Amino acid sequence: MVNKLRPKKITRIVYNCLILIVTILTIIRWISAFNNEIVVINAEINSHISNFALSLVFYLGVGYTWILQKITLKKIILLGLFIIIANIICETVMGFMNTTDIIDATYGIVGTLLGFCYLLVVNKYGLEIIHDEN
């Protein structure tokens, strides 16, 4: 008998809402590149929101999939640490590829931490076991 995991209904709803919010933020950011009058909340947030969105959507996408595949929380935490370190390195050391901006790294870290909080709650409360009789 193999036990499989599936997300509870509320888990799927919150996941889809987070992805939708990130998508909307990204679309607004892209539109604002062509029209300076369109901003996400304010100009400061608008200029850094892409790091937040990329970090959050990557961590959610991979972490959520890993949770459903029963990959350990320890590996999911390591993925989050990797994303945080990558944000810091890309925004400080790699000035030849990117304009160095520690505020961008901070937004990426916040996105990763938000994703971690969600994944932690999902891992603890957001799954149900499916009993497979085969």
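This is a predicted model: local features need pLDDT of at least 70, side-chain atom pairs count only at pLDDT 80 or more; totals for chains, interfaces and linings use all residues.

Reader: Let's start with helix packing. At what angle do α2 and α3 pack, and how far apart are their axes?

Author: Two packed helices are described by the angle between their axes and the distance between the axes. Here α2 and α3 pack at an angle of about 160°, and their axes are 10 Å apart. Angles over 145 degrees count as roughly antiparallel, so α2 is roughly antiparallel to α3. The crossing of α2 and α3 is right-handed.

Reader: Which residues of α2 and α3 meet?

Author: On the α2 side they include F58, Y59, W66 and I67. Among the α3 residues they meet are I76, I77, L79 and I83.

Reader: And at what angle do the axes of α2 and α4 cross?

Author: They cross at roughly 30°, and the axes come within 7 Å. With angles under 35 degrees counted as roughly parallel, α2 is therefore roughly parallel to α4. The crossing of α2 and α4 is right-handed.

Reader: What is L60 in contact with, leaving aside its neighbours within four places in sequence?

Author: L60 is in contact with Y15, L18, I19, T65, G115 and Y118.

Reader: Y15 and Y118 are both on that list. How many aromatic pairs are there?

Author: A pair of aromatic rings is described by the distance of the centres and the angle of the planes. The count here is three aromatic pairs. In the pair of Y15 and Y64, the ring centres are 4.0 Å apart and the planes lie at 15°, so this pair is stacked. The pair links distant parts of the chain, since Y15 sits in helix α1 (residues 9-32) and Y64 in helix α2 (residues 43-68), 49 residues apart. Ring pairs also join Y15, Y64 and Y118 into a cluster.

Reader: Are Y15 and Y64 buried or exposed?

Author: The cut-off for buried is under 20% relative accessible area. Y15 has 16%, so Y15 is buried. Y64 has 8%, so Y64 is buried too.

Key
Residues are numbered from 1 along each chain as its sequence is written. Side-chain values use heavy atoms; hydrogens and water are left out. Rings of Phe, Tyr and Trp (its six-membered ring) pair if their centres lie within 6.5 Å; planes under 30 degrees apart count as stacked, over 60 as edge-to-face and the rest as tilted. Helices (H or I, at least four residues) and strands (E, at least two) are DSSP runs, numbered from the N terminus. Buried means under 20% relative accessible area, exposed over 50%, partly exposed in between (1.4 Å probe, protein chains only). Contact means heavy atoms within 4.5 Å. Axes are lines fitted to C-alpha atoms, for helices over the stretch in contact, and angles run from 0 to 180 degrees between N-to-C directions. Angles under 35 degrees count as roughly parallel, over 145 as roughly antiparallel, 65 to 115 as roughly perpendicular and the rest as oblique. A crossing is left-handed if the near helix is turned anticlockwise from the far one by less than a right angle, and right-handed if clockwise.
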